Amino acid sequence: APQENVTAPQVARIGVYVMDFKSFSVEEGSVKADFYLSLISGANISLSDLELVNGHINTVDTFRDSPNEKYYRIYATMDADPDLRLYPFDRHALMVEIEPKNADSESLVFIINESQTGLDTEAQFPGWEYRTTGSHIENYSYGKDEVPYSRAVFTYGIQRDTASTVLKFFLPIMLIII
């Protein structure tokens, strides 16, 4: 039998366009990022309704604030999970994870806005090279029987610059051996 009074969740198109990453600290497991966040929705949601799951926002500039469309420039410090198994040729995935503070997936779901998502072509990260980028939506639940939250995950892969790694780590060893 069909359920009565069932409403579909609001849909929000979300995009994250990273200008650059700074201050990646493998020791502390943190990275600073400068990115644009776009929100397009029939619901009037804003940045105050969202949470940066893997970090905290340092500063925000609002560029567009209409009822159905929001556009922000954000400077944030985020947690990173360094993977040093391939050191000194290590690779890492830097992520921006955003979810609603109070609206579960029955109330609000995200869809990736591909046209507003990416990495700036002039982004520079000294000592590192950018690899791949990706984005996806996942449903994350905070308890076994809890209703999940829609979470937007934007991933940016980095690896150490090969030339500088060889010069920094292997050239001194070779000189000592010689």
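Predicted model: local features only at pLDDT ≥ 70, side-chain atom pairs only at ≥ 80, totals over all residues.
The protein chain contains one helix and ten strands. The chain has 178 residues, of which 40% count as buried.

Two threonines illustrate how individual residues are placed. T117 belongs to the loop between β7 (108-112) and β8 (118-119). Its relative accessible area is 19%, and because the limit for a buried residue is under 20%, T117 counts as buried. Leaving aside residues up to four places away in sequence, T117 touches I14, G15, V16, Y17, I112, S135 and F154. I14 is 103 residues from T117 in sequence, yet their C-alpha atoms are 8.3 Å apart. The side chain of T117 also reaches the backbone oxygen of N113, at 2.8 Å.

T77, by contrast, is located in a strand, β5 (residues 69-79). With a relative accessibility of 16%, T77 is likewise buried. Its side chain forms a polar contact of 2.9 Å with the side chain of N58. N58 is also one of the residues that T77 touches beyond four places in sequence, together with S30, V31, K32, G55 and H56.

The aromatic residues give a further view of the fold. A pair of aromatic rings is described by the distance of the centres and the angle of the planes. Seven aromatic pairs are counted in the model. In one of them, the ring centres of Y36 and Y71 lie 5.6 Å apart and the planes meet at 15°, so this pair is stacked. Y36 is in strand β2 (residues 30-41) and Y71 in strand β5, so the pair ties together parts that are 35 residues apart in sequence. Both Y36 and Y71 are buried. The pair Y142 and Y149 has centres 5.8 Å apart and planes at 75°, and is therefore edge-to-face. Y149 is buried, at a relative accessible area of 19%. Ring pairs also link F21, Y130 and Y156 into a cluster.

Charged groups lie over two tyrosine rings. The charged end of R64 sits over the ring of Y71, 5.3 Å from the ring centre; Y71 is the partner of Y36 in the stacked pair. R151 lies over the face of Y140, with a distance of 4.2 Å to the ring centre.

Notes:
Residues numbered from 1 in each chain as written. Heavy atoms only, no water. Helix = DSSP H or I, 4+ residues; strand = E, 2+ residues; numbered from the N terminus. Buried < 20%, exposed > 50% of the residue type's maximum accessible area, 1.4 Å probe, protein only. Contact = heavy atoms within 4.5 Å. Polar contact = N/O pair within 3.5 Å; in protein donor to acceptor, adjacent residues only side chain to side chain. Phe/Tyr/Trp six-rings, centres within 6.5 Å; stacked < 30°, edge-to-face > 60°. Lys NZ or Arg CZ within 6 Å of the ring centre and 35° of its normal.
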